[in-house]
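Hi everyone, thanks for coming. Please have a look at the structure on the screen, and then I'll walk you through a few of its local features.

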Amino acid sequence: MSLLTAQNVSVQYRDRVALQNIDMTIDQGEIVTVIGPNGSGKSTLLRVLIGAVEPSRGRVIRKPGLKIGYVPQRLSVDATMPLTVARFMSLPRHHDPDEVRRMLERVGIPGLENRQMSDLSGGQFQRALLARALLGNPDILVLDEPTQALDQRGIGAFYKLLEQVRAEMGCAVLLVSHDLHVVMASSDRVICLNGHVCCQGAPAVVSEAPEYRALFGDGTEGTMALYQHIHDHDHDHNGHNHRKGNEHAG
Amino acid sequence: MNMLDDFLIRALVAGVAVALAAGPLGCFVVWRRMAYFGDATAHAAILGVALALYFSVSVFAGILLTALAMALVVTGLAARGHAMDTALGVLAHSALALGLVGVSFVKGVRVDLSAFLFGDILAIGQPDLWFIWAGALVVLGLIVWRWSALLTSTIGEDLAFASGINPHRERLVLTIALALVVAVAIKLVGSLLISAMLIVPAAAARQLSRSPETMAIWAVLLGVFAVFGGLESSLQFDTPAGPGIVVMATVLFVLSLVVGAWRHRNTN
């Protein structure tokens with residue numbers, strides 16, 4: 001069965017609808033990227049899928065015994081809590097020190113076991129988060145904008161690493177990101193979100209879709225360049241004011 | 001005859017129990033920035049005293065239930081994302097004031113409220129010791145049992161959810177533990193200073209620790225030390241015991257800052 005399935009999921013907060021009628025599945029070993037403008041419900045979608053938010057309607061089905069490796073957007077370890085990297089790796093479940101050492105080496109931060117989490121640089125911290133998520137061989141790695149705190153070079157390096165370890169471990173990946181041009185290259189499937197699923201499919205298909213272009217306007221030329229040989233700039237320039245059923249102007 | 005007949009020994013035995021429970025719980029209070037939360041719960045205890053007298057039930061039960069009710073209300077508000085600063089201030093002080101006013105309405109009973117406000121080690125009898133130790137061991141047991149889940153929830157709620165831990169349930173564990181500590185510690189240090197017993201040893205322990213576990217252990221040790229030092233000095237100088245314990249804890253905190261700064265200089 002699929003690892004994660006959302007069936008007609010809606011999430012309503014007190015004053016607004018965050019997600020509407022979301023249907024999606026993630027299968028074994030699949031790389032799925034969710035993209036969407038700010039406030040499009042990307043993080044809410046992840047939180048519904050990991051069980052942090054109850055859907056107001058619809059339901060989320062997780063494969064029984066599903067092991068999720070979660071990499072949060074950011075983590076503010078309070079300065080009042082002393083926490084070494086090694087201790088963080090074993091939260092909540094204990095892992096063998098040897099295993100921890102190898103994983104830290106694998107993600108490119110060898111020998112940092114005894115450092116305090118608060119002393120790590122942005123890039124090291126993000127790699128530590130990834131290492132922790134990978135320990136215990138998750139079925140699926142869930143990442144919420146994992147490169148927000150990184151600079152351009154760091155972003156590239158992080159995604160390259162992510163791709164490598166995924167290839168080695170074979171876990172599925174669900175990634176929320178706005179680093180469009182970097183992310184789409186390695187995805188099996190892209191879901192374009194704006195409260196509802198605007199369109200989804202292979203990266204090339206999505207980047208051609210009028211809904212996608214309406215949503216991201218001209219800001220995505222990098223992505224287009226990767227997947228489109230013929231640029232068509234004749235589409236509507238209505239930026240983030242995407243309306244469902246918006247027709248392609250060209 | 002019986003060693004426990006001596007009030008000082010009883011106070012020490014009670015104090016060790018309080019330190020044992022307050023140390024690890026205090027760490028969570030510090031990490032989760034729940035200091036004000038502890039105050040509200042502790043102040044509600046005075047209202048609990050008034051209610052217990054009015055309904056002629058055990059004062060211990062009154063304190064425990066009122067503290068628990070307050071802790072649950074405050075947790076509920078926090079979970080709904082209310083701005084806590086004002087709400088806590090209103091709740092904490094109105095519970096305290098209501099309790100103070102309420103006690104004076106209870107006819108036929110002359111109660112020395114200062115015993116509950118500032119603690120009264122002379123009032124700790126042998127049956128109290130059993131209550132105090134039982135309560136403290138329950139708190140310690142709860143925290144040890146839930147340790148890993150509590151720690152994960154404290155670091156990140158979503159991190160906890162993804163690992164199959166419900167952080168709301170873990171928060172409830174802390175809420176119950178907090179109410180228990182209030183009920184257990186009130187006779188020793190008094191309602192007004194209970195949250196000091198939670199925060200000050202934990203804050204001092206921070207300077208000496210490199211992991212959450214060592215911080216919790218240090219908080220217990222420093223708490224025990226503060227109890228011994230505070231009781232000793234109150235005997236020497238004939239000063240109130242509860243505040244004396246907190247003063248001693250504060251001295252330890254200042255010393256820990258010095259040690260922390262010295263260590264920091266040597267590692268850099």
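Let's begin in chain A with Glu145(A), which sits in the loop between E6 and helix H5 (152-169) of that chain. Before I go on, please keep in mind that this is a predicted model. The phi angle of Glu145(A) is near 40°, a positive value in a residue other than glycine. Is Glu145(A) buried or exposed? With a relative accessible area of 7%, Glu145(A) is buried.

Now compare that with Asn137(A), found in the loop between helix H4 (122-134) and strand E6 (140-144) of chain A. Asn137(A) also has a positive phi, near 45°, and is not a glycine. Asn137(A), however, has a relative accessible area of 53% and is exposed.

Staying with loops, find Pro92(A) between helix H2 (85-89) and helix H3 (97-106) of chain A. The peptide bond running from Leu91(A) to Pro92(A) is cis, and its omega is near -5°.

Next, the strands. E1 (residues 4-12) and E2 (residues 17-26) of chain A pair in the antiparallel sense, over 6 bridges. Together E1(A) and E2(A) make a hairpin, with 4 residues between them.

Let's turn to the aromatic rings. How many aromatic pairs are there over all chains? The count comes to 6. One of them joins Trp31(B) and Trp147(B), edge-to-face, at 6.3 Å centre to centre and with 70° between the planes. Trp31(B) belongs to helix H1 (residues 7-31) of chain B and Trp147(B) to helix H6 (residues 126-155) of chain B, so this pair ties together parts 116 residues apart in sequence. Both are buried: Trp31(B) has a relative accessible area of 3%, and Trp147(B) has 14%.

Another edge-to-face pair is Tyr54(B) with Phe55(B), at 5.1 Å centre to centre and 90° between the planes.

Coming back to the two tryptophans, Trp31(B) and Trp147(B) form one aromatic cluster with Phe28(B).

In chain A, Arg132(A) is over the face of Phe88(A), 5.6 Å from the ring centre. In chain B, the charged end of Arg146(B) sits over the ring of Trp145(B), at 4.7 Å from its centre.

That's my tour, and I'm happy to take questions!

Key
Residues numbered from 1 in each chain as written. Chains lettered and ligands numbered in written order. Predicted model: local features only at pLDDT ≥ 70, side-chain atom pairs only at ≥ 80, totals over all residues. Heavy atoms only, no water. Phe/Tyr/Trp six-rings, centres within 6.5 Å; stacked < 30°, edge-to-face > 60°. Helix = DSSP H or I, 4+ residues; strand = E, 2+ residues; numbered from the N terminus. Buried < 20%, exposed > 50% of the residue type's maximum accessible area, 1.4 Å probe, protein only. Lys NZ or Arg CZ within 6 Å of the ring centre and 35° of its normal. Pairing = 2+ DSSP bridges.
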